[in-house]
Amino acid sequence: MTVAASPNLPQRTGQSPRSVLFMCGMNAIRSPMAEVLARAMLPPGTYVASAGVRPGERDPFVDVVLEEIGLTAGRHQPHTLDELEDDYFDLIVTLAPEAHHAALELTRSMAIDVVYWPTPDPTVATGTREQIVSAYREVRNHIASLLKHRLLGQMPEKMA
């Protein structure tokens, strides 16, 4: 797949982008979670997609923590960049180091903003089911906070 710069690049006045791609390693946890959260938070009409650098398997804990806040990933199945239906984005948000490197390589000759939001991998959590779900919640809340502050321009609640 070739990613092309959208002719509708957002103005840097706090306006949210019209099209966003979220990328992580396998499109199984962080990027699909970001996609669902962004669809719920960004203005209607914003095109949002997600992809991974390599193939992965759907993670059921993502469904658990999204359902807690009334959202769902629906029938999302992990897919790679090559499987994306659309390839025009104003912004690519990477959530894992390997995804960031891949996005920079992919867009090096294009006018697409690529930003890296370091996001922990909740699969490294161990312990009880509740401790593992808690790690996924933390990732969900971290991504939601970044969306609010960086794409929607809202001040952090502690500073407001």
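For the element names I take helices (H or I, at least four residues) and strands (E, at least two) as DSSP runs, numbered from the N terminus. I note that this is a predicted model, in which local features need pLDDT of at least 70 and side-chain atom pairs count only at pLDDT 80 or more, while totals for chains, interfaces and linings use all residues. Residues are numbered from 1 along each chain as its sequence is written, and side-chain values use heavy atoms, with hydrogens and water left out.

**Confidence.** I looked up pLDDT, the predictor's confidence in each residue from 0 to 100, and found an average of 87, with 87% of the residues scoring at least 70. Over residues 1-13 the pLDDT stays under 50, and the model has 35 contacts (heavy atoms within 4.5 Å) beyond four places in sequence for this stretch.

**Fold.** I count four helices and six strands, which run β-β-α-β-α-β-β-α-β-α from the N terminus on. Among contacts with a separation of 6 or more, 73% are between residues 24 or more positions apart.

A nonpolar core is here a set of buried Ala, Val, Leu, Ile, Met, Phe, Trp, Tyr and Cys residues joined through side-chain atoms within 4.5 Å. The largest such core has 42 residues, of which L21, F22, M33, W117 and L147 touch the most other members. Several elements supply at least two residues each, including strand 2 (19-24), helix 1 (30-41) and helix 4 (129-151), and helix 4 gives the largest share, nine residues. Leaving out residues up to four places away in sequence, I find M33 touching V62, V65, L66, Y136, V139, R140 and I143.

**E35.** Which helix holds E35? E35 sits in helix 1 and is buried, at a relative accessible area of 9%. Its side chain is joined to that of R39 by a polar contact of 2.8 Å, a term I use for a pair of N or O atoms within 3.5 Å, where within protein one must be able to donate a hydrogen and the other to accept it, and residues adjacent in sequence count only if both atoms are side-chain atoms. Beyond four places in sequence, E35 touches F22, V48, A49, S50 and H76.

**N27.** In the loop between strand 2 and helix 1 I checked N27, which has a positive phi of about 55 degrees although it is not a glycine. N27 is buried, with a relative accessible area of 0%.

Definitions and conventions
Buried < 20%, exposed > 50% of the residue type's maximum accessible area, 1.4 Å probe, protein only.
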